[in-house]
Amino acid sequence: MKKMMRYVVVPFLPERLKPLLDIAYNMWWSWNPDATELFRSLDPAAWEETSHNPVKMLGSLRKEDIERLIRNDGFLARMDRVAAELRTYIEHGTWYQKTHSAHLGHHIAYLSAEFGVHECLPFYSGGLGVLGGDYMKSASELGLPLVGVGLAYRFGYFRQYLNRDGWQQETYPENDLYNMPMVVVKDEKDKPIEVDVPFPGRKTHLMVWKIQVGRVPLYLLDTNIEKNSIEDRNITSHLYGGGTEMRIKQEIVLGIGGIRALDKLGLTPTVTHMNEGHSAFQALERTLHLMKKHRLSFEEARGLVASTSVFTTHTAVPAGIDRFEPDLVKKYFSDYCTKLGISIEELLEFGREKPGDDREPFSMAILACRFASSINGVSKIHGEVSREMWSGLWPSVPIQEVPIGHISNGIHTPTWISDEMVRIYDRYMGTRWHYEPEKPDVWQQISKIPDAELWGSHQRLKERLIGSVRNKLQEQLRNRGAHSSHIMEAAEALDPSALTIGFARRFATYKRATLLLKDPERLASMLNIPGKPVQFIFGGKAHPADEGGKKLIKEIVHISEQEPFRNKIVFLEDYDIALARMLVQGVDVWLNTPRRPMEASGTSGMKVVPNGGLTVSTLDGWWPEGYNGENGWAIGSGEEYDDGEYQDHVESLALYELLEKEIIPLFYKRGKDSLPRDWIGMVKNSIMTLCPVFNTNRVVADHVDKVYIPALVHWSAITAENMAEARKLAKWKSTLSKEWENISIEDVKISSISELRVGDELPVEVQVRLGKVNPEDVHVELFHGPLSVEGEIVEGTATPLTHKKAERNGIHIFTGSIRSESSGQFGFSVRLLPYNPSLINCFETGLIHWWE
């Protein structure tokens, strides 16, 4: 290859237009309607062609375009107004500053394999990334000292198109990173900052990109630099591409490289938040960093890292977890383990559910669990599923006490709400909903909006949607080489006045995109009721390796071409953030049909709510928490079946019943003024009850109050006096672990009463042999509750006993009682747990004795 000199050209604007660059390079513009309109007004066609990318637009401005803008006083006034609004936003005091000022000096790192900030930054595949993008935006709104860490994918996820048979095809256009709203991070000598990560026999070098998301930065790591081999340059080429070896390399870059990058930037995190298990290797790098900096042992540093790490799991099925064969882990971590002072076998144990099983693969989710003080699912039902799924990590702990909770997902409302609804909300509700969307009283003001005005706004949004869908359908057909008559027919597809139902998401088979199609004849009659038209808009991608998901897409496309459904069921290609935003803003109803309990959360249905749409869903994911019987519809009653086909049959019938007897009649029930007032009433109820709960400002605030602040407080306490408490705790754990086998529950005594009355107390005395262990280092507890028909305690409660006295031979007496709160058959057992105020939770050590 010939020698070549590289150089970078960046957008240049005269001084008077420089505020455009300041706005363009801060993704705040993406959720500010005035800012997006400012860029769109430069060239509406170019705005669409660039996927709404202001940096690329500004970089392509011609000299005459620039001169025209400088002479346009109206444009300059709008630009100055938006620039002033951005400055005010950045400088204004925030919730975190006001409520947690004592912790402002500590950084929180949020690591994720994907971030869906905006369609012009295609570093996401679906809900995980979109949630990550929304989380960053709300962290900005609340003013957290948070930094995001991800990967800068050269090709990202695939672009989708369908062939003439409706089969999904994939293309991978290269991302032009230098023409995106992101910049290379440089040092004081204007040289790109680089870090390296250890790979077998070599170091792989990373450069760092920065995306400014309001007040918070998002750093993306990139291996595509000349000093790397071709093999290593391709590590950050594709999101979820390649095999398991490519995946482990990406996750080493994300976890280990992410922490090293933050260290080099002077942003060493006190708390780390793993958004899924992909970044779990960060825990090992933090441990190594603390060992070197503070001369700690592995166990001393590990305890400190675990107490300040947070893990959010988004997976409801074991198959969705990254697992690596032991030999692959040995290949990439044998040398690294030497630095940690542990054997490779010890590392492998951290990623296994069953200690000692040499054949068990290494699980990233289990590694994350072992190194986290807080583990959470993303909905209440997902928390329950996760406790069941990972109960093997705490084999002697009752399911309900497995230390996995939940913080339910939400959306960044300003990102998904239409400008039409922004105007009507501002007019009748004021502006508090912008910065306090988690406050219920804010959304009670929705009742002030006249029915006619709310309905009119939503109808205009639907008309805009139908127009966009028609254009996209024509484009799809042209690309497939369709007959001109079909292309012309698509210009009249769908009816702006018809009940419009949307279904768009990742086409995984458990999401059951074709549940609606189980009875085509019944569906056809439903779509063709005289005077009550109904239509469906589908969209979504199947993973390139998911043949089942691709078949679902093909089935929808084929049925949409049949005469009863033609132009009443449509499928839109290449589902992304822009298409999702268009759909959730314009549909009347959002359909969600996952097979319970396989949906961790799902957030697409949340996005229709502030836009005046309603949700119909199975009771899975977020919907059991949101549904109240008057703010949407539930398919079924939350049943779970062993027979998947039978479940599909039952729930398809339930869906048809809802559509025929409730949804369609309610939509077309009109008064003399042609308004569907009962429907509008349900829309208002939906907005009032769901918007204050299912938004990421609430999600972020929940993490701050329940997770981040406790971790920061713990850090301050355990690192005081040169890590004295961290060293002391590790030594205490080691000593207790050695003595634990000498501890036993010797005897349990109660009164001879076999029957109690409600309100009575049952006294209990327990004799425990503690050996060399101090009584203040253990908790003796009664675990009691009602009995199941199998004689097992259900919904058990732990009641601590009090140390009464010490007897000879290391025997100690603990006493307490159980109060009878209700009638029925009850039982209790006794357990012994380690106790230290510096423990994350009582199950942290894995030590527990039950009465046997």
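A surface patch is made of residues with over 30% relative accessible area and no salt bridge, where like charges are joined within 9 Å and nonpolar side chains (Val, Leu, Ile, Met, Phe, Trp, Tyr) within 5 Å. A salt bridge, in turn, is a side-chain nitrogen of Lys or Arg within 4 Å of a carboxyl oxygen of Asp or Glu. Val8, Val10 and Tyr178 make up one such nonpolar patch, with about 280 Å² of accessible area together. What you're looking at is a predicted model, where local features need pLDDT of at least 70 and side-chain atom pairs count only at pLDDT 80 or more, while totals for chains, interfaces and linings use all residues. Residues are numbered from 1 along each chain as its sequence is written, and side-chain values use heavy atoms, with hydrogens and water left out.

**On the surface**

- Tyr178 counts as partly exposed because its relative accessibility is 38%; buried means under 20% relative accessible area, exposed over 50%, and partly exposed in between (1.4 Å probe, protein chains only).

**Strand E13 and its neighbours**

- Strand E13 (residues 374–377) is covered on both faces: Ser374 and Asn376 are buried on one side, and Ile375 and Gly377 are buried on the other.
- Strand E10 (residues 309–312) runs parallel to E13, and three bridges join them; two strands pair if DSSP finds at least two bridges between them.
- Look for Val310, whose bridge partner in E13 is Ser374.
- E13 also pairs in the parallel sense with strand E14 (residues 405–406), over two bridges.
- In that pairing, Asn376 stands opposite Gly405 in E14.
- To get from E13 to E14, the chain goes through helix H16 (residues 380–389), a right-handed β-α-β crossover.
- Right-handed here means that, with the strands pointing away from the viewer, the path from the first strand over the helix to the second runs clockwise.

**Tucked inside**

- Helix H12 (residues 298–307) has nine of its 10 residues buried, so it is largely enclosed by the rest of the structure.
- Among the buried residues of H12 are Phe298, Glu300, Arg302 and Leu304.
- Gln535 lies in strand E16 (residues 534–539) and counts as buried, at 2% relative accessibility.
- The side chain of Gln535 makes a polar contact with the side chain of Thr500 (2.8 Å); that's a pair of N or O atoms within 3.5 Å, where within protein one must be able to donate a hydrogen and the other to accept it, and residues adjacent in sequence count only if both atoms are side-chain atoms.
- Leu254, in helix H10 (residues 244–264), is buried too, with a relative accessible area of 1%.
- Leu254 and Gln282 are 28 residues apart in sequence, and their C-alpha atoms are 7.7 Å apart in space.

**Salt bridges**

- The whole structure has 57 salt bridges.
- One of them joins Glu15 and Lys18, with the closest N and O atoms 3.6 Å apart; Glu15 is exposed at 63% relative accessibility, while Lys18 is partly exposed at 27%.
- Another joins Asp322 and Arg247, with the closest N and O atoms 2.8 Å apart.
- That pair links distant parts of the chain, 75 residues apart: Asp322 is in the loop between E10 and strand E11 (323–324), and Arg247 is in helix H10.
- Asp322 is buried with a relative accessible area of 16%, and Arg247 counts as buried at 18%.
- Glu453 and Arg427 meet through their side chains in a salt bridge (2.5 Å, N to O).
- Glu453 in helix H21 (residues 451–480) and Arg427 in helix H18 (residues 419–429) are 26 residues apart.
- Arg62, Glu64, Asp65 and Arg68 are linked in a salt-bridge network.

- The peptide bond from Arg596 to Pro597 is cis, with omega near 5°, and Pro597 is in the loop between strand E18 (589–592) and helix H26 (604–608).
- Asn567 isn't a glycine, yet it has a positive phi of about 65°; Asn567 lies in the loop between helix H24 (547–560) and strand E17 (569–572).
- Met723, also not a glycine, has a positive phi of about 65°, and its place is in helix H31 (residues 720–739).

Conventions: Areas by Shrake-Rupley, 256 points an atom, 1.4 Å probe, with all protein chains shown as cover. Helix = DSSP H or I, 4+ residues; strand = E, 2+ residues; numbered from the N terminus.
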